[in-house]
Every structure is written in structure tokens, then in C-alpha cells.
Amino acid sequence: MRLSEAEVRLALGRLSELALVRASADDSCQIRAVNPILGLEALIARQQADLAAQQQQVEASRAAVAELVAQYAHQHSPAAGVGMQYLDGIDSIREHIETFNSQVREEFLTFAPGGPQTPANMEASRPINRSLLERGVKMRTVYLDSIRRDPPTVVHAEWLESLGAQIRTTPSLPNRIIIYDREVALIAADTDNTAVGAVVVTSPGLIAILCALFDSVWESAEPLGSPARPDPGELTKQQVELIRQMALGRTDEAIANSLGVSTRTVRRASAGLLQHLDARSRFQAGVHAVQRGYLPPSPE
């Protein structure tokens, strides 16, 4: 083939990564080709295992953040925790956000749950976002998948991308979080009512957890311009997340809030998924989803 030894080794290494070649059972020094169909199945199985492991890491990080906020939200004294400060009310939150936005130097990371954004919020955020991006601050934001069905929010997200921001979406988010330069974070104290209060986190250990959570969610989220389309008969990521929350016994209202959709949409989608999975209950739907490979099995 007129290839150098280095080129051949590089090619064989790549083929091995794709599970298209393997060592011969008769002679370990020999390499044999693998049926592409079998190789593809092995590659998909490996990727599914990686995704399941990543999902478990994300869930562990989410649980850590939820526990942090739950423990601290009821302690309104700034001295109650080291590296944390409670902000009471929307005015205090806005004041701190304005201060942080003027001080951020390099990176601005955001979880934006709640689904489609209100016109007032989008309009108010434009000057701030433009100022940050024109200063060269790297901005990455994760929205819920549900914004893809809201043209005004999509237009706003595309406007941010035109200025250099990076936007991705995911089926659900643990809370509203803003991270400044990986040094300071702002977490909503109440996921259902973000105006009640917020927790400012400066503890390096807690910031590391929050950054790891953001990075994990970011890696699994879909870029705004390239939504993942499932194969016929398969489920979207949002449908899989709906099944997961159904199996956990969450109410329709809680699921709707998590996914950024209406309760009516959740009920309609739940009925369709029960039929698709041939299940008579939400728990059974979760079991069937694990059996069909839509959800990773729960760790023992």
C-alpha cells in the first residue's frame, strides 16, 4: 500500500479504537479484521457504558449541590458558613450580579433553567451580555431543551452566539447557577422561586464541585445549532429524562418545572411514553426503559 510503518501503526491504532480490528486468537502478533456490524455494536456498547458512567457522575454532583443549598438556604446569617454568604431578596441578588458582572475577567458560566425566557428578562440582559462579550469574556450558557420550541428565546440565544457566546441545551438542570472566573458562584436558594434568595459561594472546594458539575453537563449537552435527532423508534434526551423522573416518583408539576414545560405537556408526554414502553405504571416504565437501554441501571 506504499505506506510507512508509522502510518500503518497509526491506521491500525485508529481501527482498533473503532473496534474494527483485533488481535488474532491464534496468534497475538497477528491482527485480523472484524465484521463492521459486530465492530459497530461493540463501539456503541462502549459508548453507552461511557455515557452511563458520565450520567452517574452528573447525578452525584447534582446531589451534592442540592444538599449544599438545602442545608444553607435556611441559614440567613453571613457568618453561618465559611466561604458562603446568603443574599435575601431580589434586590440584593441583582446588586451582587451587577458587581460580579463588572469584575469578571475571563469566564462566565451559567445554568439557565426555567425553559423559555421572558421577553423582559432577555431585553434586560442584552446590554450586560454585550458588554461582557465585547470585553473578551468567554460565555457559556446551558438552557433547557424546551427553549428550542420557543422562537423568541432561540433568536436571543442565536444573537448571543453571534457575539461569541457558546450555547447548549439539556433536558433538565439542577438549579440556576452562575460561576464567575471559576472563583465565585451564585446559586438560587429556591429552584421554584429564584427571587427569594441566593447563596454566594467562594469556598475553593465547593467551587471545584460546581465547576465539575457544569463541565459534566456541558459535555453531555447539545449545541444549539445541531440538535440530536433520534433514530425512528428511539427516544429524545428529553423523553429519557422524563422517564427517569417519572420512575423516581416525582409529581407532574415538579417534572414540568424541571424540564421547563407545562404540566399539561408532561401529562401528555407521559401517556405517550407509557404506551411506547408497553407499561401500565410509571415505575414499570422505568423498569422497561432500563431493560431497553434507554436508562442506565441503578448502581447497587
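Me: At what angle do helix H7 and helix H9 pack, and are they roughly parallel or roughly perpendicular to each other?
Reply: In this predicted model, H7 covers residues 237-247 and H9 covers residues 263-276, with their axes 11 Å apart. The packing angle is about 90°. Angles of 65 to 115 degrees count as roughly perpendicular, so H7 and H9 are roughly perpendicular to each other.

Me: How many residues in the contact of H7 with H9 are charged?
Reply: From H7, the contact takes in Gln239, Leu242, Ile243 and Met246. Their partners in H9 are Val266, Ala269, Ser270, Leu273 and Leu274. By class, these residues are seven nonpolar, two polar and no charged.

Me: Are H4 and H5 roughly parallel or roughly perpendicular to each other?
Reply: The axes of H4 (residues 119-134) and H5 (residues 151-162) come within 11 Å and cross at roughly 15°. H4 passes H5 in a right-handed crossing. Angles under 35 degrees count as roughly parallel, and H4 and H5 are therefore roughly parallel.

Me: Which residues in H5 does H4 meet?
Reply: The H4 side consists of Met122, Ser125, Arg126, Asn129, Arg130 and Leu133. By class, the contact of H4 with H5 has five nonpolar, four polar and two charged residues. The H5 residues met are Pro152, Thr153, His156, Trp159 and Leu160.

Note on methods: Residues numbered from 1 in each chain as written. Predicted model: local features only at pLDDT ≥ 70, side-chain atom pairs only at ≥ 80, totals over all residues. Heavy atoms only, no water. Axes fitted to C-alpha atoms, helices over the stretch in contact; angles between N-to-C directions. Helix = DSSP H or I, 4+ residues; strand = E, 2+ residues; numbered from the N terminus. Parallel < 35°, antiparallel > 145°, perpendicular 65-115°, else oblique. Left-handed = near helix turned anticlockwise from the far one by under 90°. Contact = heavy atoms within 4.5 Å. Nonpolar A, V, L, I, M, F, W, Y, C, P; charged D, E, K, R; others polar.
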